[in-house]
Amino acid sequence: MPYVIFAFLVIALIDFLPLIKQKKYKELFCVGAFFITGVVLSILYVSGVVIPSPMVLLGDFLKKVLHLSY
Amino acid sequence: MQIDKGKITAVQFMFSVACYMQASSLLTAFFVGITKQDSWIVVILAFLVCLPFLFIFISIMRNFPDKNLIQINTLVFGPVVGNIISAMYIWYFLTLTSLNLRDLSDFVHQTIMPKTPSIVIMFLFLLVCAWAVRFGIGVVTRYNTLFSIIQIVILALAVVFTANLIDFQNFLPMFDQPAMEYVHGTHVVSTIPFGEVVVFLMITPNIKLPPKKISKFFLWGFVIGGIVLVVVILRDTAVLGNVLGLFSLPSFETQRMASLMEALSRLEIMFASVLIILLFAKVTFLYYVTVLSLAQIFKFETFKPFILSIGALAIVYAFILYSSSMQHVESGTNATPILWTLFEFVLPMLTLLIAKMRKLPQTEEVV
């Protein structure tokens, strides 16, 4: 967990500081959204929470709902 | 608005296509389990099936020479539907990046560095990719020609070194499986990796080439990649026979057996290095395309702010995609080809059809 937080802190410093200095708030908001998604998923993953895979869910949807499978 | 103004030559573009397809020679496990010793037939069939779709991609490139896929979606489908389709494509690009990153990590973990945690391999690898992506398309594709030629040379050497193990009886019995297996195998190969060349629609404005000449170079790149894949499968089948489907990395198993008398043996590290180099080229390209698409959809002036955040997201996404290599192969065999059909064949076909109906490039020129 500490490594994950440290890595994301480094990314935040590299990515966000220039955007804040240049007052590019739209960019900051968009990049921030992906950054937060990454942070949340990483913390959940290292905490041992089972995160459902979109590929597996879509595979199940194709197979069980649309009956599309080999 | 063109975000990356870098230009690549026609030869760089051609070898980038070839290199992208050559990198997939590791993914033969998705279909060799289905068609076994007849796998080379489905590769040829898939190549032929994909040719008309390749011409659809080329037509799109010719009709919109100064636009990438995200811009084309907005123009053809309108801002709302176009952005929804573009968002789906961004998910597709990110998923491909993570899947290939995972493939690389699993490969390195299984073959070269079994004691190194996957996260370390992925992190260091993506850091190098991020460095390349930062400098744009010129750097992303600069060494693809060299990588592609190295792989062709190594492949030729591997065929020579495994010559003493080749048994042509291994191709028999031929055409002995149910027809559905051939359809299934062809579908898998046509979507992974042949159809994946749809990603090159993202770099149309960066190719230093008149639109009319794109077809020649795109086609040659596709042919080189296709021939390499056929040779890889032929060699693997000739050496391993119908036990081909039992291995998770059949290509590497064949190369592990390669030797020239007693002096030159245990050459797999050389083959492994080439595969890693090719996967580097593929992941870097996909990573670049993902951040470029995001910058395009949000109308940024540069894609650079996205690089590290998307890199971190790609790593964690690579971990949550599949819990094991077997689940990955199962999905790659059954569900993924159906999902990818939408992005690689249905949507490009719809785009071209609607563009023709709306006479879009001409209409825009008049306006």
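Trainee: At 56% relative accessibility, does Phe175(B) count as buried or exposed?
Mentor: Bear in mind that we're looking at a predicted model. The cut-off for exposed is over 50% relative accessible area. Phe175(B) comes out at 56%, so this residue counts as exposed.

Trainee: And where in chain B is Phe175(B) found?
Mentor: Look at its backbone while you're there: phi is positive, about 50°, although Phe175(B) is not a glycine. Most residues other than glycine have a negative phi. As for the place, Phe175(B) is found in the chain B loop between helix 8 and helix 9.

Trainee: Which residue is joined to Pro173(B) by a cis peptide bond?
Mentor: Pro173(B) is found in the loop between helix 8 (144-161) and helix 9 (179-191) of chain B. Most peptide bonds are trans. Here omega is about -5°, and the cis bond joins Pro173(B) to Leu172(B).

Trainee: What is omega for the peptide bond from Ile192(B) to Pro193(B)?
Mentor: First find Pro193(B), in the loop between helix 9 and helix 10 (214-240) of chain B. The bond from Ile192(B) to Pro193(B) is cis, with omega near 15°.

Trainee: Over in chain A, what is phi of His67(A)?
Mentor: His67(A) sits in the segment after helix 3 (54-65) of chain A. With 62% relative accessibility, His67(A) counts as exposed. Its phi is positive though the residue is something other than glycine, with a value near 55°.

Trainee: Let's go inside. Which residues have the most contacts within the largest nonpolar core?
Mentor: Nonpolar side chains tend to be buried together in soluble globular proteins. In this model the largest nonpolar core has 140 residues. Those with the most contacts inside it are Phe13(B), Phe194(B), Phe200(B) and Phe218(B).

Trainee: Take Phe13(B): leaving aside neighbours within four places in sequence, which residues is it in contact with?
Mentor: Phe13(B) is one of the residues with the most contacts inside the largest core. Leave aside its neighbours within four places in sequence, and the contacts of Phe13(B) are Ile8(B), Met61(B), Phe200(B), Ile203(B), Ile207(B), Ile214(B), Phe217(B) and Phe218(B).

Trainee: How many residues make up the other core, the one with Cys19(B)?
Mentor: That core lies apart from the largest one. Its members include Cys19(B), Ile154(B), Phe271(B) and Ala281(B), and its residues number 12.

Trainee: Does Glu344(B), at 0% relative accessibility, count as buried or exposed?
Mentor: Glu344(B) is part of helix 15 (residues 336-357) of chain B. The cut-off for buried is under 20%. Glu344(B) has 0% relative accessibility, so it counts as buried.

Trainee: Which side chain does the Glu344(B) side chain make a polar contact with?
Mentor: Not counting residues up to four places away in sequence, Glu344(B) touches Phe57(B), Tyr92(B), Ser190(B), Thr191(B), Gly195(B), Glu196(B) and Val198(B). The C-alpha atoms of Glu344(B) and Val198(B) are separated by 5.9 Å, though the two are 146 residues apart along the chain. The polar contact, at 2.6 Å, goes from the Glu344(B) side chain to that of Tyr92(B).

Trainee: What about Gln151(B): which residues does it touch, not counting those up to four places away in sequence?
Mentor: Gln151(B) has its place in helix 8 of chain B. Its relative accessibility is 6%, so Gln151(B) counts as buried. With those sequence neighbours not counted, Gln151(B) touches Gln22(B), Ser25(B), Val228(B), Val274(B) and Leu278(B).

Conventions: Residues are numbered from 1 along each chain as its sequence is written. Chains are lettered from A and ligands numbered from 1 in the order in which they are written. This is a predicted model: local features need pLDDT of at least 70, side-chain atom pairs count only at pLDDT 80 or more; totals for chains, interfaces and linings use all residues. Side-chain values use heavy atoms; hydrogens and water are left out. A nonpolar core is a set of buried Ala, Val, Leu, Ile, Met, Phe, Trp, Tyr and Cys residues joined through side-chain atoms within 4.5 Å. Buried means under 20% relative accessible area, exposed over 50%, partly exposed in between (1.4 Å probe, protein chains only). Contact means heavy atoms within 4.5 Å. Helices (H or I, at least four residues) and strands (E, at least two) are DSSP runs, numbered from the N terminus. A polar contact is a pair of N or O atoms within 3.5 Å; within protein, one must be able to donate a hydrogen and the other to accept it, and residues adjacent in sequence count only if both atoms are side-chain atoms.
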